[in-house]
Structures are given as structure tokens and as C-alpha cells.
Amino acid sequence: MTFESLDLHHGPLRFTALAQGKGPLVLCLHGFPDNARSYRFQLPVLADAGYRAVSLSLRGYEPGSIPADGSYTLEAIAGDVLAVADQLDAGPVHLVGHDWGAAVGYTAAALAPDRFSSLTAMAVPHSGRFLTAMARYPRQLALSSYMLFFQLRGIAEHMVARNDYDFIRRLWRKWSPGWELPEAEMRAVIATLGRPGVLKAALGYYRAALDPRALPYTAQARAQAMFQVPVPTLALTGENDRCIDTEVFIATMKEADFPRGLETRQVANAGHFLHQEQPDVVNTILLEWLGRHQA
């Protein structure tokens with residue numbers, strides 16, 4: 001499967017992206033532990049349907065996009081997305097995000113709603129709602145314990161990388177039970193994380209998210225966390241997700257946060273990496289959604 005390779009930038013940061021097709025832009029954002037090949041099943045289908053499909057390698061997932069200030073806040077990464085959209089010379093963009101890509105998508109859509117025709121968010125609910133509600137779901141606290149482990153700077157990097165990134169293999173199996181990422185794709189993910197500085201950068205997303213200065217401890221901070229996303233939003237969750245429980249996902253997606261519409265759907269026989277596990281199902285849903293929200 002051959003893709004175009006794009007070179008993009010945001011100030012001093014340099015990004016690559018995979019692309020196919022011509023037409024309205026569908027900008028795809030991957031999560032952790034993953035890379036731009038996450039959307040290898042979506043790009044050709046989107047291109048055949050008349051879209052310009054682009055899968056961006058997110059901040060820190062390449063040595064050239066590791067910021068000197070070590071900033072991995074959602075606002076900073078959303079700024080990268082907006083800068084890339086500018087360089088691609090697109091009109092209103094369809095934004096698709098999985099995992100951290102979904103979290104970034106909510107933020108980008110909230111910051112610049114006029115730039116986006118639609119948002120599709122997979123596997124991760126509204127980030128502000130999720131952080132404030134997690135304490136009410138003991139099962140989710142247990143599933144999210146890895147986020148606390150990632151706060152152990154240096155130790156986490158060592159443990160994740162040891163034994164040829166066996167931690168990453170186990171994470172994929174745990175989050176998507178009963179499904180195995182093909183070995184060639186797993187090797188590509190490991191190669192991505194193994195590049196200089198990339199693993200530390202990827203874990204930096206979790207450290208920024210759980211920075212005490214960012215957590216919604218006060219009533220004012222909790223109110224700010226419930227930001228609105230004024231872009232039509234499709235939210236997809238895998239029924240067997242063992243990273244973010246599907247019931248928690250559905251419970252934390254509130255119509256009040258999405259004034260231009262929210263549609264939440266559960267994908268059967270899929271876990272956390274639903275767009276790779278059930279690509280035909282997800283692609284059908286995605287194409288129908290995009291067709292309803294052309295600019």
C-alpha cells in the first residue's frame with residue numbers, strides 16, 4: 001500500500017504525513033502507542049470516495065517535531081493541527097482522531113470551529129468530562145492506572161522500552177482483547193517509538209494531562225474543563241475497549257457539550273483500536289457521516 005509523503009511544519013517543528021486522493025480534506029490524527037499508519041485502512045477508501053485524506057504524525061512522534069520547551073498540552077498540539085491545515089491550503093476540514101488524536105480533535109474544534117466541517121472522535125471521550133468523571137468509575141480508574149505509571153520519569157521510559165518494547169505489545173493486546181496487530185505494523189510502531197526522543201515525547205502527553213496545574217481540582221477549573229465543541233461530532237467506541245470502557249465513553253459524551261450535534265455509536269466486536277480491527281464497519285460509518293457534513 002503506497003502513500004504520498006508530505007513534509008509540513010509549525011514554526012521550527014517539522015512533521016511528515018501520509019496522504020492519498022484529491023478533494024475536501026480529511027485530516028486524521030493518531031494516538032498512542034501508534035503512528036500515522038494507524039489510518040492505512042481509511043486513507044485509500046477516503047481517496048476513492050473523493051477526499052484528500054491525510055494522516056499526520058503528531059508532535060513528538062518524529063525527532064524533528066519534538067519541541068524545545070517540552071510542551072505537550074492539548075492546546076499546543078491543536079495549534080500544530082491548525083498550522084498544518086493552513087499549509088494544506090484547505091477550506092473547512094473534516095477532522096478524524098483516535099485516542100490522543102481524538103483529545104486533540106476536541107480541543108482544535110473548540111479553538112477554531114470555523115475551520116472544521118465535522119469531527120470524528122474514536123475511543124476517547126471529551127477530555128474535560130473524562131478527567132472530571134473518572135473518579136466516579138472505579139473500573140475506569142483501574143483501566144487508567146498506566147497513566148500514573150507513565151508519570152515516573154525515566155523509570156517508565158526504561159520499562160516501556162525493555163525487552164524490545166514488550167510493554168507496548170501487551171498494551172495493544174490488553175486494550176483490544178482477542179485481536180492482534182500484524183507483526184509488520186507492530187514493528188513499525190516500535191520503530192517509531194525507538195527513534196531518538198520519541199518515547200519520552202509520547203509519554204509527555206500523559207505527563208501534561210496529569211500535571212497538577214492542569215487538573216480540574218477547583219469548581220472554576222472543572223467549569224473550564226467542560227468546554228463546548230461547536231462542530232458536528234461523531235463519537236465512536238469499541239464495545240470491547242479495555243482502555244476506556246465503552247460505558248464510560250458513552251456516559252461522558254454529553255450533548256450539551258456539542259451544540260452543533262453529537263452522534264455516539266458503539267462498534268461491535270472491536271476494542272480500543274476499532275478503526276483497525278473493524279475497518280469496513282468504521283469506514284462505512286465514516287463515509288456516511290462525511291457525506292452528511294460537506295461544507
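A residue is called buried when its relative accessible area is under 20%, and exposed when that area is over 50%. Keep both cut-offs in mind at each stop. One caution before you start: this is a predicted model.

**Stop 1: Y206**

Select Y206. Is this residue buried or exposed? Its relative accessible area is 1%, so Y206 is buried.

Now show the surroundings. Beyond its neighbours within four places in sequence, Y206 is in contact with F32, D99, W100, Y146, M147, F150, Q151 and W175. Pick W100 from that list. The side chains of Y206 and W100 are joined by a polar contact of 3.2 Å. Then pick F150. Y206 and F150 are separated by 56 residues in sequence, yet their C-alpha atoms lie 6.8 Å apart.

**Stop 2: F32 and P33**

F32 was among the contacts of Y206. Select it together with P33. Which form does the peptide bond between them take? The bond from F32 to P33 is cis, with omega near -10 degrees. Most peptide bonds are trans. P33 itself sits in the loop that runs between strand 3 (25-29) and helix 1 (43-48).

**Stop 3: Y165 and N269**

Next, look at two backbone angles. Most residues other than glycine have a negative phi. Y165 has a positive phi, near 60 degrees. N269 also has a positive phi, near 55 degrees.

Y165 belongs to helix 7, residues 155-175. With a relative accessibility of 12%, Y165 counts as buried. N269 is in the loop between strand 8 (262-267) and helix 12 (274-277). Its relative accessibility is 57%, so N269 counts as exposed.

**Stop 4: F116**

Select F116, in strand 6 (residues 116-122). F116 is buried, at 4% relative accessibility. What does F116 touch? Leaving out residues up to four places away in sequence, the list is L82, P92, V93, L95, A108, A109 and V231.

F116 and A135 are 19 residues apart in sequence and 32 Å apart in space.

**Stop 5: the whole chain**

Clear the selection and zoom out. The protein has 13 helices and eight strands. Its radius of gyration is 18 Å, close to the 19 Å that the globule rule gives for 295 residues, so the protein is as compact as a globular protein of that length. Along the principal axes, the C-alpha atoms fill a box of roughly 45 × 40 × 40 Å.

Colour by burial. Of the 295 residues, 58% are buried. Among contacts with a separation of 6 or more, 75% link residues 24 or more positions apart.

Finish with the surface. The accessible surface comes to about 12,100 Å², and carbon and sulfur atoms hold 54% of it. How many side chains are positive, and how many negative? There are 27 positive and 29 negative side chains, and the centres of the two sets lie 5 Å apart.

Notes: Residues numbered from 1 in each chain as written. Predicted model: local features only at pLDDT ≥ 70, side-chain atom pairs only at ≥ 80, totals over all residues. Heavy atoms only, no water. Helix = DSSP H or I, 4+ residues; strand = E, 2+ residues; numbered from the N terminus. Rg over C-alpha atoms; globule rule 2.2 N^0.38 Å. Buried < 20%, exposed > 50% of the residue type's maximum accessible area, 1.4 Å probe, protein only. Contact = heavy atoms within 4.5 Å. Areas by Shrake-Rupley, 256 points an atom, 1.4 Å probe, with all protein chains shown as cover. Lys, Arg positive; Asp, Glu negative; His and termini not counted. Charge placed at Lys NZ, Arg CZ, Asp CG, Glu CD. Polar contact = N/O pair within 3.5 Å; in protein donor to acceptor, adjacent residues only side chain to side chain.
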